[in-house]
Amino acid sequence: MSPTWLAQRERGSAFILHLFIAIALNFGRPIARFIMLGTAWYFLLFSIRPRAASRKYLRKALGRPARFYDVLRHYFAFATVGLDRIYLLNDRVDKFKVEIYGEHHLDALNERGGGCLLLGAHLGSFEILRAVGAAKHRQIGLVMYEENARMVNRIARSINPEVAENVIQLGRFDSMLKVHEKLEQSKWIGILGDRALSLEAQMKVPFLGEEASFPTAPFRLGLMLKRPVILMLGVYRGGNRYDLHFETLFDPATVDRANREGRIREALQQYVERLEHHCRAAPYNWFNFYDFWDGSVHAG
């Protein structure tokens, strides 16, 4: 691919993104959702590998073969959560009904002081957490791999440039320094725990009936920075409804040096068990459109 062609494609993508953001913000969510339904149909018809991956995942989550309609619902949920990111980045959390479960875990941390690591997944919406946190005057940073960081920053800068300042890109020499600084400022730092870099330490854990590899880095980071790790999942419930779930997974203050690896495995297993629970309870929310169980490593 020539540099000129790549530049033209980048400009074209930026134009489409700005156009859709303008439509969403000026014509409302119902019209934007109708457009997203068409987008879901397009990708359903023409994305062969993601469609196969969706069917495999849904068969495991639903406990039965996935029908065509199930895959369409999966794609449309993904498209809707992506659409809602536009409103949430625009601080329009008032458009949504949000139920919060387990908020006492965060209240206990506030009493102790200092920040924490919020461990999420590519399930539902992480942006709903940031928006709710902003409404409560709580800043939330997000640690991401390079490709996802570029995508999120591109969208954020188009809508709310302040959000882009709180995205920390992994793999840079100062990444951990930035994370540490924000934690010292009592900020919450979010990281997604269901994808990994190829060189990251991983463990195989049963997930939806078959072993899959998950990174241990979030828990090792918690140990290194001496900060608790809290499960956070923003589950899309249809319409304009979201549920926010919090659970304490890992507290370095309770970990003996001799039993670190055992506690990391226990915490990872607890994380995967809770992820599996929510995948079964809200199966169309998990947005990893590749074969998660094939042994390959996917960063994002």
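Biologist: Let's take axes as lines fitted to C-alpha atoms, for helices over the stretch in contact, with angles that run from 0 to 180 degrees between N-to-C directions. At what angle do helix 3 and helix 4 pack, then?

Modeller: A word on the source comes before the answer. This is a predicted model, in which local features need pLDDT of at least 70 and side-chain atom pairs count only at pLDDT 80 or more, while totals for chains, interfaces and linings use all residues. Residues are numbered from 1 along each chain as its sequence is written, and side-chain values use heavy atoms, with hydrogens and water left out. As for the pair itself, helix 3 (residues 48–62) and helix 4 pack at an angle of about 105°, and their axes are 10 Å apart. The two helices are therefore roughly perpendicular to each other, a label given to angles of 65 to 115 degrees, where under 35 would be roughly parallel, over 145 roughly antiparallel and the rest oblique.

Biologist: Which residues of helix 3 and helix 4 make the contact?

Modeller: Helix 3 brings Pro 50, Arg 51, Ser 54, Arg 55, Tyr 57, Leu 58 and Leu 62, and helix 4 brings Phe 68, Asp 70, Val 71, His 74 and Tyr 75, where contact means heavy atoms within 4.5 Å. By class, the residues of this contact are 7 nonpolar, 2 polar and 3 charged; Ala, Val, Leu, Ile, Met, Phe, Trp, Tyr, Cys and Pro count as nonpolar, Asp, Glu, Lys and Arg as charged, and the others, Gly among them, as polar.

Biologist: Stepping back, how many helices and strands does the chain have?

Modeller: There are 11 helices and 9 strands in the chain, taken as DSSP runs (H or I of at least four residues for helices, E of at least two for strands) and numbered from the N terminus. Of the 300 residues in the chain, 51% are buried, with buried meaning under 20% relative accessible area, exposed over 50% and partly exposed in between (1.4 Å probe, protein chains only). The chain exposes about 15000 Å², of which carbon and sulfur atoms supply 55%.

Biologist: And what share of the contacts joins residues 24 or more positions apart?

Modeller: Among contacts with a separation of 6 or more, residues 24 or more positions apart account for 72%. Leu 83, in helix 4, gives a local example: Leu 83 and Phe 20 are 63 residues apart in sequence, with 9.3 Å between their C-alpha atoms. Leaving out residues up to four places away in sequence, Leu 83 touches Phe 20, Ala 24, Arg 29, Ala 32, Arg 33 and Met 36, and its relative accessible area of 0% makes it buried.

Biologist: What does Ala 77 touch?

Modeller: Ala 77, also found in helix 4, touches Tyr 284 and Phe 287, again not counting residues up to four places away in sequence. Ala 77 counts as buried at 8% relative accessibility.

Biologist: How many of the residues of helix 6 are buried?

Modeller: In helix 6 (residues 127–135), 7 of the 9 residues are buried, so this helix is largely enclosed by the rest of the structure. The buried ones are Glu 127, Ile 128, Leu 129, Arg 130, Ala 131, Val 132 and Gly 133.

Biologist: Where is Asp 251, and what does it touch?

Modeller: Asp 251 sits in the loop between strand 9 (241–250) and helix 11 (260–281), and it is buried, with a relative accessible area of 16%. Arg 112, Pro 228 and Arg 263 are the residues it touches, not counting those up to four places away in sequence.

Biologist: Changing topic, which residue other than glycine has a positive phi?

Modeller: Most residues other than glycine have a negative phi. Asp 91 has a phi near 60°, a positive value, and is found in the loop between helix 4 (68–89) and strand 1 (97–101). Leu 208 likewise has a positive phi, of about 55°, in the loop between strand 6 (202–207) and strand 7 (210–215).

Biologist: Is each one buried or partly exposed?

Modeller: Asp 91 is partly exposed, at a relative accessible area of 43%, whereas Leu 208 is buried, at 4%.

Biologist: Last one: how many disulfides does a search of the whole structure find?

Modeller: The search finds 0 disulfides, a disulfide being a pair of cysteine sulfur atoms within 2.5 Å. As for individual cysteines, Cys 116 counts as buried at 1% relative accessibility, and Cys 279 counts as buried at 0%.

Key:
Areas by Shrake-Rupley, 256 points an atom, 1.4 Å probe, with all protein chains shown as cover.
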